[in-house]
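Please look over the sequence and the model shown here before reading the notes that follow.

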Amino acid sequence: MLIERGQFDVERLSGGVNQGYGGAPGIQAINKGSVFISHCVVDRAGGGGLLSYRSGSVLIVHDSIIRNHRNMGIEASKGGILFVSRCEIYNNLFGISATEECTCVIEDNVIHDNREEGVLYGSPFGMFDYGQNTVIKNNQIFQNRKCGLSLDGGRVQLIGNQIHDNLAYAMLIKGRTNVYLSENKIYKNRCGALNVLINLSGRIYLDKNIVENHSGPAVYCRKPNNNLSQLMIRDYLYYL
């Protein structure tokens with residue numbers, strides 16, 4: 001299904017049915033369906049804006065505005081595939097949310113002013129380390145009310161992003177997350193840059209990143225006896 005140059009005020013279209021927090025997403029790709037959305041505004045859905053659900057389902061969102069949703073702006077779960085590019089995503093509960101069995105490409109977006117994290121990726125319990133490869137590239141992620149990103153399992157590449165002015169950490173990493181960070185600029189986040197909690201067998205590789213102007217640590221790694229996380233740093237600059 002192709003949707004182009006539309007504006008969807010989902011709350012009005014549904015006659016108020018989706019005004020509660022448990023409402024349905026505005027547009028869904030489910031059961032191996034495919035949806036391509038371009039140059040659209042998706043506004044005010046009760047259960048989230050857009051959803052890719054179950055293996056084989058594909059949601060592609062390009063050059064659109066996703067805003068004012070009571071849950072996730074864009075969501076992928078149960079193996080759904082998600083491509084998001086050149087979108088502005090703001091004033092949702094989470095900007096983008098995906099579980100680690102999903103394949104996601106998130107590129108050239110502006111993700112800001114969401115009520116919790118800008119990007120939430122992984123299992124709620126962080127129990128898996130096999131996940132699909134997800135690429136988060138060349139995004140601006142700022143002024144979200146918790147962390148810029150929260151990663152909780154799976155394999156993630158973060159390349160060339162600007163992550164700044166979030167109200168907690170730039171990034172929270174835990175739960176067997178394997179993450180490669182390269183050429184990111186991370187600055188002015190309220191609590192610090194990277195907070196690595198119990199990451200079990202996850203590996204974190206930092207390559208040519210710049211971190212500056214934080215009141216907290218550049219990298220805070222909590223490593224109790226049962227935390228086997230490996231942290232590798234290369235060409236990493238931290239400015240006071």
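Within β18, leucine 151 is the bridge partner of tyrosine 121, and the pairing of β15 with β18 runs in the parallel sense over 4 bridges. Strands here are DSSP runs of E with at least two residues, helices are runs of H or I with at least four residues, and both are numbered from the N terminus; two strands pair if DSSP finds at least two bridges between them. The model is predicted, so local features need pLDDT of at least 70 and side-chain atom pairs count only at pLDDT 80 or more, while totals for chains, interfaces and linings use all residues. Residues are numbered from 1 along each chain as its sequence is written, and side-chain values use heavy atoms, with hydrogens and water left out.

**Strand β18 and its partners**
- Strand β18 covers residues 149–159, and because 8 of its 11 residues are buried (under 20% relative accessible area, with a 1.4 Å probe and protein chains only), the strand is largely enclosed by the rest of the structure.
- Strand β16 (residues 133–137) runs parallel to β18 and is joined to it by 5 bridges, and valine 135 has glutamine 157 of β18 as its bridge partner.
- Strand β20 (residues 169–182) also runs parallel to β18, with 10 bridges joining them, and leucine 181 in β20 stands opposite leucine 158.

**Serine 97**
- Serine 97 is placed in strand β12, which covers residues 94–98, and is buried with a relative accessible area of 8%.
- Leaving aside residues up to four places away in sequence, serine 97 touches Met72, Ile74, Glu75, Ala76 and Leu120, where contact means heavy atoms within 4.5 Å.

**Loop residues with positive phi**
- Arginine 54 is not a glycine, yet has a positive phi of about 80°; this residue lies in the loop between β6 (50–53) and β7 (58–62).
- At 41% relative accessibility, arginine 54 counts as partly exposed, the class between buried and exposed, where exposed means over 50%.
- Aspartate 113, in the loop between β14 (110–112) and β15 (119–122), has a positive phi near 55° and counts as partly exposed at 31% relative accessibility.

**The chain as a whole**
- The secondary structure of the protein chain comes to 1 helix and 27 strands, and 51% of its 240 residues count as buried.
- Among contacts between residues at least 6 apart in sequence, 55% join residues at least 24 apart.
- The accessible surface comes to about 10600 Å², with 50% of it belonging to carbon and sulfur atoms, as computed by the Shrake-Rupley method with a 1.4 Å probe.
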